[in-house]
Amino acid sequence: MSSEPSARPGKPRRILFLLGFVAVCAIALAAFGILDRARSKQEVKAWTDEQAIPTVRLVQAEPGPSEHPLLLPGNVAAFNISSLFARASGYVTAWHSDIGAHVKKGDVLLTISAPDLDQQLQQAKAQFVQLQAAVEQAQATADLGQVTNGRTARLVALGWSTLEQGDTDRLTAASRTAALAVAKANVTAQEAEVNRLQELTGFEQIKAPFDGVVTVRNVNIGDLLNAGGTSGRALYQLADIHRMRIFVNVPQAFLGDLKPGVKATLHLPGQQETFEAELSSTSNALEENSRTALIELQADNPDGKLWPGAFTEVQFHIPSDPNTLRIPSTALIFGTNGMRVAAIDANNKVVLKPVRLGRDLGNYVEIQSGLSLTDRLIDNPQESIEAGAVVRLAGTDAKKPTVAAAE
C-alpha cells in the first residue's frame with residue numbers, strides 16, 4: 001500500500017526529462033539548419049560571382065606565308081604586232097603566205113602590179129637624164145662666159161675696148177654661172193623624185209618587217225588596192241611570238257609589292273602546262289574608275305604555245321615580310337582608340353594591344369606590328385571589354401552549387 005504513492009512522483013520527472021530532451025534536440029536541429037543554410041548561401045554567392053566571369057575562346061597569331069597569294073586575270077599579247085597596208089596603188093597579182101605561216105624578216109607576203117607607178121618612174125629617170133645634159137650645157141656656157149669676160153677685162157684695161165663692153169661680158173658671165181647653179185639644183189630635185197618613185201615601186205612587194213607568224217590575211221588575187229589607206233582591214237597582220245607580253249590590271253593595294261623582276265606563273269584554260277613570266281614594267285598611273293594600274297610581264301615562248309589574245313590567270317610570287325603575322329579578323333576590336341586586340345596575361349587578365357594592320361585576306365588579316373607569336377588573343381571580344389578584367393578560358397569547369405544550396 002505504501003509503495004504506490006512513492007511511484008507516482010517519478011512519472012512527471014521522466015516526462016519533463018523527455019520534453020527537455022526533445023526541446024534540446026529541436027534547438028540543436030534548428031541551429032544546425034541555420035548554419036547549413038548560411039553556408040549554402042555563401043556557396044551560391046561564390047558560384048554566382050564565378051559565373052559572372054566571362055568565358056572566352058583563345059586564338060593565336062600565325063606566321064604569314066612565304067609568298068603573298070595574289071591571283072589576277074591577264075591578257076596575252078605578242079611581243080611585236082604589225083598591221084600591213086598598201087603603199088602602192090594597183091592590183092594584187094599574188095600572195096605568198098597564209099594565216100599560221102611562219103615567215104622571216106624580208107620575206108615577200110604580197111605582190112602588187114602598179115603599171116602607172118612604173119611609168120612614172122621611167123619618166124622621172126628620163127627627165128633626170130635630160131637635166132643632167134642641161135647641166136653640162138650650162139657648164140659649157142658658163143665657162144665660155146668666164147673666158148670672154150677675162151679677155152674683155154684685159155682689153156678694157158689697155159683701152160682697146162669700151163667700158164660698156166666690159167660690163168656686158170662680166171654680167172653675161174655671172175648670169176651663165178647662175179644658170180649653171182639652177183641646172184644643178186634641177187638635177188638634185190629630179191634625183192630626189194626618182195628616189196621617191198623607186199621607193200614606192202619597192203612597195204609593190206609587201207614584205208615581213210620581222211620574224212613572226214601570219215595571224216590575219218585579208219587579200220586575194222585581183223583586189224584593187226589604194227595607196228596610203230590605213231583605215232579598214234589590214235591586208236596582213238604579223239605577230240612576233242618568240243616572246244610574249246602579258247598585261248594585268250593590278251589593284252592599288254598590291255602595287256607596292258610588284259616591282260620589276262617579280263616572278264609569276266601563267267595558267268591558261270584548257271592547258272595543263274604552266275608558263276613562267278617576269279614583271280618588266282608598270283604604267284605608273286592608276287585608272288580613276290577602277291583604281292588599278294596596268295603592268296606588263298614577259299614570258300619566253302619558244303614552242304609557240306602562248307597565243308596572242310589568250311586569257312590567262314596570273315599567279316604572282318611576291319615574297320612576304322617574315323615579320324608579318326596574321327590573325328582571324330574576328331579577333332579585332334574596332335573602336336575610337338584605333339584598331340586593337342584583346343590578349344590575356346598569365347593571370348588570365350585582359351591586356352588591350354594596339355596593332356597596325358596590313359592586307360585584308362578575308363577571314364584573316366595581316367598584322368604588321370604590335371603582336372608576337374606567343375600572344376594569346378581573345379576571339380570575338382566584346383567592344384566593352386576593359387583592360388585588367390579577369391576572364392575564364394573556354395573548357396574550364398566552374399564550381400556548381402550543391403542541391404541544398406539550390407533549395
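## Strand pairing and a helix pair in a predicted model

Strands E4 (residues 90–95) and E6 (residues 108–113) pair in the antiparallel sense, with 4 bridges between them. Within this pairing, tryptophan 95 has leucine 110 of E6 as its bridge partner. The structure is a predicted model.

E4 and E6 belong to an open sheet of 4 strands, ordered E7-E6-E4-E9, with antiparallel pairing. The edges are taken by strand E7 (205–207) and strand E9 (224–225), each of which pairs on one side only. In general, the strands of a sheet pair through backbone hydrogen bonds, and the pairing may be parallel or antiparallel.

The elements discussed here have these residue ranges:

| Element | Residues |
|---|---|
| Strand E4 | residues 90–95 |
| Strand E6 | residues 108–113 |
| Strand E7 | residues 205–207 |
| Strand E9 | residues 224–225 |
| Helix H3 | residues 115–158 |
| Helix H4 | residues 163–202 |

The axes of helices H3 and H4 come within 7 Å and cross at roughly 165°. Angles over 145 degrees count as roughly antiparallel, and H3 and H4 are therefore roughly antiparallel to each other. The crossing of H3 past H4 is left-handed. In the contact of H3 with H4, 20 residues are nonpolar, 17 are polar and 8 are charged.

On confidence, the protein has an average pLDDT of 83, and 85% of the residues score at least 70. For residues 397–407 the pLDDT is below 50, and this stretch has 16 contacts in the model beyond near neighbours in sequence.

Conventions: Residues are numbered from 1 along each chain as its sequence is written. This is a predicted model: local features need pLDDT of at least 70, side-chain atom pairs count only at pLDDT 80 or more; totals for chains, interfaces and linings use all residues. Side-chain values use heavy atoms; hydrogens and water are left out. pLDDT is the predictor's confidence in each residue, from 0 to 100. Contact means heavy atoms within 4.5 Å. Two strands pair if DSSP finds at least two bridges between them. Helices (H or I, at least four residues) and strands (E, at least two) are DSSP runs, numbered from the N terminus. Axes are lines fitted to C-alpha atoms, for helices over the stretch in contact, and angles run from 0 to 180 degrees between N-to-C directions. Angles under 35 degrees count as roughly parallel, over 145 as roughly antiparallel, 65 to 115 as roughly perpendicular and the rest as oblique. A crossing is left-handed if the near helix is turned anticlockwise from the far one by less than a right angle, and right-handed if clockwise. Ala, Val, Leu, Ile, Met, Phe, Trp, Tyr, Cys and Pro count as nonpolar, Asp, Glu, Lys and Arg as charged, and the others, Gly among them, as polar.
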